[in-house]
Amino acid sequence: MQASRIRQISPFRVVQLLERAKALEAAGHRVVHFEVGEPDFPTAPPIVEAGRAALTAGATRYTESLGLPALRARIAEWYRETAGVAIAPQRVVVTAGASGALLLLSALLLDPGDELLLPEPGYPCNDPFARLVGAVPVAVPVLAEDGFRVDPGQVAAAWTAASRGLLVASQANPTGAVLEPERLTALVHTVRERGGALLLDEIYQGLIYEDIGYRSGLALDDGIYVLNSFSKYFGMTGWRLGWMVLPESQVEPVARLAQNLFISPSSVAQHAALAAFEPAAVAIHEERRAAFARRLVRLCDGLESLGFRIPARPAGAFYVYVDVSRTGIDAMTFCERLLERHHVAVTPGLDFGRRDAERFVRFAFTTGEADIDLGLERIADALADWGAR
């Protein structure tokens with residue numbers, strides 16, 4: 001027996017591709033990995049040492065459901081330091097990854113039958129969070145010719161009597177698009193005029209390569225719901241720790257949800273995360289951001305030299321969304337052939353929605369420059385094999 005919602009949840013194809021890539025590696029092949037959105041750098045040593053110290057000190061018991069008070073205060077201070085925003089620590093909610101935050105927000109804001117607007121292409125796992133509470137995800141197309149950024153007019157056109165909110169990312173997966181301040185402000189007004197909530201995914205905050213004039217949407221509007229994570233800029237993917245910044249009136253109901261659904265986030269991960277903001281750790285994070293910036297240029301230049309079209313170079317995150325239609329094959333076939341015959345793993349556009357999915361693939365530059373060069377060489381060989389050069 002299965003609930004009907006299971007039939008509405010699509011497989012995450014990047015996971016299937018990763019499993020196949022690992023099988024090829026087990027058979028002795030060297031695979032170049034452009035498919036996984038996970039930094040290849042290990043967690044910074046100061047964070048690891050703080051985690052070890054927490055274990056040694058016996059800090060392994062439940063914490064407060066909303067997170068360690070010291071960590072909530074340190075996150076609030078981080079917004080003051082980096083974005084010039086004064087956030088009351090009690091508005092910060094520490095969560096079991098950004099996914100835990102999305103589940104809590106879905107349960108807080110959405111009733112069965114309510115609609116949540118989601119950009120397409122976009123992060124595929126946002127859709128199931130809405131469905132889990134009986135809500136309806138509604139795709140709002142983002143256009144290549146507009147840099148894959150959400151347009152307020154399209155949001156207004158998609159809004160119905162059942163719409164309750166818009167979930168938008170800046171910087172975005174899979175495109176790396178960043179919302180400029182004027183556009184984000186217009187989106188907030190568009191949603192608020194209709195009585196809805198704007199949920200802003202900032203989990204790649206810190207991984208930005210262009211000056212857009214602000215560091216967090218909270219600097220533009222204090223009433224939005226912000227999601228963030230220790231996974232990307234801070235390099236703590238497996239620690240499963242994130243946070244939210246909420247309007248103060250919503251903290252108590254979220255606390256009730258968190259108490260029942262999660263009890264508390266990982267105690268060890270929280271103690272370790274306190275060290276993520278220390279100068280020694282931040283220096284490491286910034287070195288890695290600079291490495292990602294170099295990789296971005298190397299990968300984009302290489303792909304364009306092979307004749308691929310990149311409608312909008314990413315301004316943040318660590319993804320490039322690439323039009324592969326020049327090969328004459330669809331994106332899914334491109335990914336399968338490239339992996340099986342040339343041992344290069346990339347993610348098909350179908351993972352991120354149906355709009356132009358047959359044309360686009362996502363490259364993650366979460367691998368070193370030597371591997372980027374090797375991947376580009378293999379792609380060149382593939383194009384020659386396919387008669388596409």
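**Notes on the predicted model**

1. The second largest cavity. Its lining divides by class into six nonpolar, two polar and three charged residues. The residues concerned are Pro39, Phe41, Leu207, Lys232, Tyr233, Phe234, Gly235, His285, Arg288, Arg289 and Phe292. The space inside this cavity comes to about 60 Å³. Please keep in mind throughout that the model is predicted.

2. The largest cavity. The search of the whole structure returns four cavities of 30 Å³ or more, and the largest has a volume of about 90 Å³. Ser170, Gln171, Val178, Glu202, Gln205, Gly206, Ile208, Ile212, Tyr214, Arg215 and Ser216 line the largest cavity. By class these are four nonpolar, five polar and two charged residues.

3. Cis peptide bonds. Two residues in the lining of the largest cavity, Ser170 and Gln171, are joined by a cis peptide bond with omega near 20 degrees. Gln171 sits in the loop between strand 5 and helix 7. Pro174 is also placed in the loop between strand 5 and helix 7, and the bond from Asn173 to Pro174 is cis, with omega about 20 degrees. Most peptide bonds are trans. I would list both bonds by name in the text: Ser170 to Gln171 and Asn173 to Pro174.

4. The second largest pocket. This pocket holds about 160 Å³ of space. Its lining has 13 residues, and those nearest the centre are Arg149, Ala177, Val178, Glu210 and Ala315. The lining divides into six nonpolar, three polar and four charged residues.

5. Helix 2. The buried residues are Ile47, Ala50, Gly51 and Ala54. Viewed down the axis of helix 2, they fall within an arc of 100 degrees and so line one face of the helix. In general, an α-helix has 3.6 residues a turn, so residues three or four places apart point the same way. Helix 9 (267-273) and helix 10 (279-305) are among the elements covering the buried residues of helix 2. After helix 2 comes Gly58, with a positive phi near 80 degrees.

6. Leu68 and helix 3. Leu68 is in the loop between helix 2 and helix 3 (69-83). Its relative accessible area is 11%, below the 20% cut-off, so Leu68 counts as buried. Beyond its neighbours within four places in sequence, Leu68 contacts Thr63, Gln270 and His271. Helix 3 itself has 15 residues and reaches 21 Å between its first and last C-alpha, close to the 21 Å expected. Its buried residues are Leu71, Arg72, Arg74, Ile75, Ala76, Trp78, Tyr79, Thr82 and Ala83. They pack against strand 2 (92-95), strand 7 (225-229), strand 8 (242-245), helix 8 (251-261), helix 9 and helix 10. Gly84 follows helix 3 and has a positive phi, near 70 degrees.

7. Helix 7. Helix 7 (residues 181-193) has 13 residues and reaches 18 Å from first C-alpha to last, close to the 18 Å expected. Pro181, Arg183, Leu184, Leu187, Val188, Thr190 and Val191 are its buried residues. Their cover includes helix 6 (152-158), strand 5 (163-169) and strand 6 (197-201). Gly195 follows helix 7, with a positive phi near 80 degrees.

8. Most residues other than glycine have a negative phi. Ala317 has a positive phi of about 60 degrees; it lies in the loop between helix 10 and strand 9 (319-323) and is buried, at 0% relative accessible area. Asp356 has a positive phi of about 55 degrees. Asp356 is in the loop between strand 11 (347-348) and strand 12 (360-364), and at 26% relative accessible area it is partly exposed.

How values were computed: Residues are numbered from 1 along each chain as its sequence is written. This is a predicted model: local features need pLDDT of at least 70, side-chain atom pairs count only at pLDDT 80 or more; totals for chains, interfaces and linings use all residues. Side-chain values use heavy atoms; hydrogens and water are left out. Buried means under 20% relative accessible area, exposed over 50%, partly exposed in between (1.4 Å probe, protein chains only). Helices (H or I, at least four residues) and strands (E, at least two) are DSSP runs, numbered from the N terminus. The arc is that of the directions from the helix axis to the C-beta atoms. Contact means heavy atoms within 4.5 Å. On a 1 Å grid over the protein atoms alone, a cavity is a set of points where a 1.4 Å probe fits but cannot get out, and a pocket is an open set with protein on both sides within 12 Å along at least five of seven lines; lining residues have an atom within 4 Å of a point. Grid points are joined across faces, edges and corners, and a volume is the space filled by probe spheres set on the points. Ala, Val, Leu, Ile, Met, Phe, Trp, Tyr, Cys and Pro count as nonpolar, Asp, Glu, Lys and Arg as charged, and the others, Gly among them, as polar. The expected span of a helix is 1.5 Å times one less than its number of residues.
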